[in-house]
Amino acid sequence: MDLQARIDAFVNLGDFLKNEDNQSVIEEWADRASHQNNWFTLENTRKSIQSIADFYLDRNLLESWAGLYEIPDRPQIIKSIGVIMAGNIPAVGFHDLLTVVISGHECVAKVSSQDSVLMLALIEKLLETNPALGIRISEKMNEVDALIATGSDNSARYFEYYFRNKPHIIRQNRSSVAILNSNETEDDFLNLGKDITDYYGLGCRNISKFYVPQDYDFVNFYDSIESLGDIFYHNKYKNNYDYNKSIYLVNQVHHYDNGFLILTENDSLVSPISVIFYEVYQNKEDLSQKISANTDKIQCIVSKEAWFEGSIPFGETQKPKLWDYADGVDTMLFLLSLNN
């Protein structure tokens, strides 16, 4: 199948997802996904599907992205690429599948048990659009030519060992951080709040850590995100909040609390659900050193109008572009290198 046909298949899927006449089908997908995984609420599943349609399946974006590379129209050698998908947010493995198929290789997908409903529905619809697409589902990865795997630090060590003799991309735990400088507005804080609370903070692109100047006042931040408080009504989120709050109270750990989001000073990057860690920086040089020391564990950095080098604006973490690769590793280049 030539490159244009591969692109057309994904554009057709995007058209299907955007068509109002198909919303009853998408609602049925979302309903089944929410029963499989309680974190996947109808709202969050709809949001994920909409993001895929808008940011991944637009013809102009797909063609511009493909144009950045020398993708063979019809690869002479088609490799089987195993893709072990995460399941922390709805359809989080879709970008890897898309990249493998557009590259011209075969995608051998192992979907997460936490996200099989939605991923399988999207794959089935893709294959209805074009049955010749190189996609198949498998629980076993022992016969693939190369591997892309996303998981925890523990699973990454297993993957690194087991697939040590095959080309691979192995992703570990990462988290995202926000840099504040006391110039933030109410709108900035509201957008930052969405970077924190979208998908209940379960994604690697969700903000889990603030870097703030000395004596930073969090009152305006809390006031600005009050409208996001409905997150508290999700039972699992509430249980996490209640547990973490009780731990801090019992251990007399200094913290701030607005009734649904806790802030506490901590040097660590990864905070529990319902908690944001913060760390004080003295000046820009000190801040740069702190960020540099954690580069291999940071997925995204956000700051007001992206003033900090390498950052993106508030509110953009869950809107990745096709070329925003996880862990900063260019997946398409990796796949194309297999042709050599």
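In the predicted model, Y162 is located in helix α7, which spans residues 153-162. This residue has a relative accessibility of 45% and is therefore classed as partly exposed. Together with Y158 and Y161, Y162 forms a nonpolar surface patch of about 390 Å².

The largest nonpolar core comprises 51 residues, of which F10, L17, F94 and L97 touch the most other members. Helix α1, covering residues 3-18, makes the greatest contribution to this core, supplying 8 residues.

Charged side chains were then considered. Side chains of opposite charge can pair when their charged atoms come close. In total, 17 salt bridges are present in the structure. One of these joins E27 to R46, with a separation of 2.5 Å between the closest N and O atoms. The pair connects distant parts of the chain, since E27 belongs to helix α2 (residues 23-36) and R46 to helix α3 (residues 42-55), 19 residues apart. Both partners fall in the intermediate accessibility class: E27 has a relative accessible area of 30% and is thus partly exposed, and R46, at 35% relative accessibility, is likewise partly exposed.

Helix α3 also provides K47, whose partner D198 lies in the loop between α8 (186-197) and β7 (207-213), 151 residues apart in the chain. The side chains of K47 and D198 form a salt bridge with an N to O distance of 3.1 Å. Here the two partners differ in class, because the cut-off for burial is under 20% relative accessible area: D198, at 16%, is buried, whereas K47, at 26% relative accessibility, is partly exposed.

A further salt bridge is formed by the side chains of E139 and K110, at 3.5 Å from N to O. E139 is situated in the loop between β3 (135-137) and β4 (146-150), while K110 is part of strand β2 (residues 106-110); this pair also links distant parts of the chain, 29 residues apart. With a relative accessible area of 56%, E139 is exposed, whereas K110, with 25%, is partly exposed. Finally, salt bridges link D8, R59 and E63 in a network.

Note on methods
Residues are numbered from 1 along each chain as its sequence is written. This is a predicted model: local features need pLDDT of at least 70, side-chain atom pairs count only at pLDDT 80 or more; totals for chains, interfaces and linings use all residues. Side-chain values use heavy atoms; hydrogens and water are left out. A nonpolar core is a set of buried Ala, Val, Leu, Ile, Met, Phe, Trp, Tyr and Cys residues joined through side-chain atoms within 4.5 Å. Buried means under 20% relative accessible area, exposed over 50%, partly exposed in between (1.4 Å probe, protein chains only). Helices (H or I, at least four residues) and strands (E, at least two) are DSSP runs, numbered from the N terminus. Patches are made of residues with over 30% relative accessible area and no salt bridge: like charges are joined within 9 Å, nonpolar side chains (Val, Leu, Ile, Met, Phe, Trp, Tyr) within 5 Å. Accessible areas come from the Shrake-Rupley method with a 1.4 Å probe; for residues, only the protein chains shown count as cover. A salt bridge is a side-chain nitrogen of Lys or Arg within 4 Å of a carboxyl oxygen of Asp or Glu.
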